[in-house]
Amino acid sequence: MNVTAAADIPEVLQGVCVDALAWFNREHRAAFELSGLVDADAALGAAQGAAFELGLVLCDGEICAREQVRVTPVDDGYRFSLDEAARPDIPPLLDPPPGIRSSWLDAVLERHEFVLLMFYRGLW
């Protein structure tokens, strides 16, 4: 599993990632930010005009999650849908990216007396 940080997403995928994020937030009444992309090479390797998947890494300051979004090109842009059969080797809840991890932990510690972090096979 390769995860590309949001700042390093290839230019050709940036627009569709922004559109997919806006669609996801609208559909789920959420305010996630895009913090990364899982396996960008798979999306880059899709044939011109063919549907492809984006593994969006979304964070809202509280949690980070991976959402597998199917992207289908249409005349005026893209149509998005969730891929319910997302790869099982990529967990849906992810460790926050290093840039927000410390601020997330500080914010949680302000609201609670203590925090228990559990690590299991490289995930928390």
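Does D60 count as buried, exposed or partly exposed, and at what relative accessibility? At 41% relative accessibility, D60 counts as partly exposed; buried denotes under 20% relative accessible area, exposed over 50%, and partly exposed the range in between, with a 1.4 Å probe and protein chains only.

The views below show a predicted model, in which local features need pLDDT of at least 70 and side-chain atom pairs count only at pLDDT 80 or more, while totals for chains, interfaces and linings use all residues. Residues are numbered from 1 along each chain as its sequence is written, and side-chain values use heavy atoms, with hydrogens and water left out.

**View 1. Overall architecture of the protein.** The secondary structure comprises three helices and six strands; helices (H or I, at least four residues) and strands (E, at least two) are DSSP runs, numbered from the N terminus. Along the sequence, these elements follow the pattern β-α-β-α-β-β-β-β-α. Of the 124 residues in the protein, 32% are buried. The accessible surface comes to about 8100 Å², and carbon and sulfur atoms account for 53% of it; the areas derive from the Shrake-Rupley method with a 1.4 Å probe, and for residues only the protein chains shown count as cover. Among contacts (heavy atoms within 4.5 Å) with a separation of 6 or more, 55% involve residues 24 or more positions apart.

**View 2. The loop between β3 and β4 around D60.** D60 lies in the loop that links β3 and β4. Its C-alpha atom is separated by 6.1 Å from that of E33, a residue 27 residues apart along the chain. When neighbours within four places in sequence are left aside, D60 is in contact with A31 and F32. The hairpin formed by β3 and β4 has four residues between the strands, and G61 in the turn has a positive phi of about 90°.

View 3. Strands β3 (residues 52-59) and β4 (residues 64-74) pair in the antiparallel sense over eight bridges; two strands pair if DSSP finds at least two bridges between them. In this pairing, V57 stands opposite R66 in β4. Strand β4 also runs antiparallel to β5 (residues 77-82), to which six bridges join it, and the hairpin between β4 and β5 passes through two residues.

**View 4. Q68 and its polar partner.** Q68 lies in strand β4 and, at 10% relative accessibility, counts as buried. Its side chain makes a polar contact with the side chain of E53 at 3.2 Å. A polar contact is a pair of N or O atoms within 3.5 Å; within protein, one must be able to donate a hydrogen and the other to accept it, and residues adjacent in sequence count only if both atoms are side-chain atoms.

View 5. The structure holds four aromatic pairs. Rings of Phe, Tyr and Trp (its six-membered ring) pair if their centres lie within 6.5 Å; planes under 30 degrees apart count as stacked, over 60 as edge-to-face and the rest as tilted. The ring centres of W23 and F80 are 5.9 Å apart and their planes stand at 35°, so this pair is tilted. Because W23 lies in helix α1 (residues 11-28) and F80 in strand β5, the pair ties together parts that are 57 residues apart in sequence. Both W23 and F80 are buried. Y78 and F80 form a further aromatic pair, also tilted, with 6.2 Å centre to centre and 40° between the planes. F80 counts as buried at 13% relative accessibility, whereas Y78, at 37%, counts as partly exposed. One aromatic cluster is formed by W23, F24, F32, Y78 and F80.

**View 6. The largest nonpolar core.** A nonpolar core is a set of buried Ala, Val, Leu, Ile, Met, Phe, Trp, Tyr and Cys residues joined through side-chain atoms within 4.5 Å. The largest such core has 20 residues, of which L13, C17, L37, L54 and L56 touch the most other members. At least two residues of this core come from each of α1, β2 (33-38), α2 (40-44), β3 and β4. Helix α1 supplies the largest share, seven residues. Apart from its neighbours within four places in sequence, L37 is in contact with residues including I9, L13, C17, L54 and L56.
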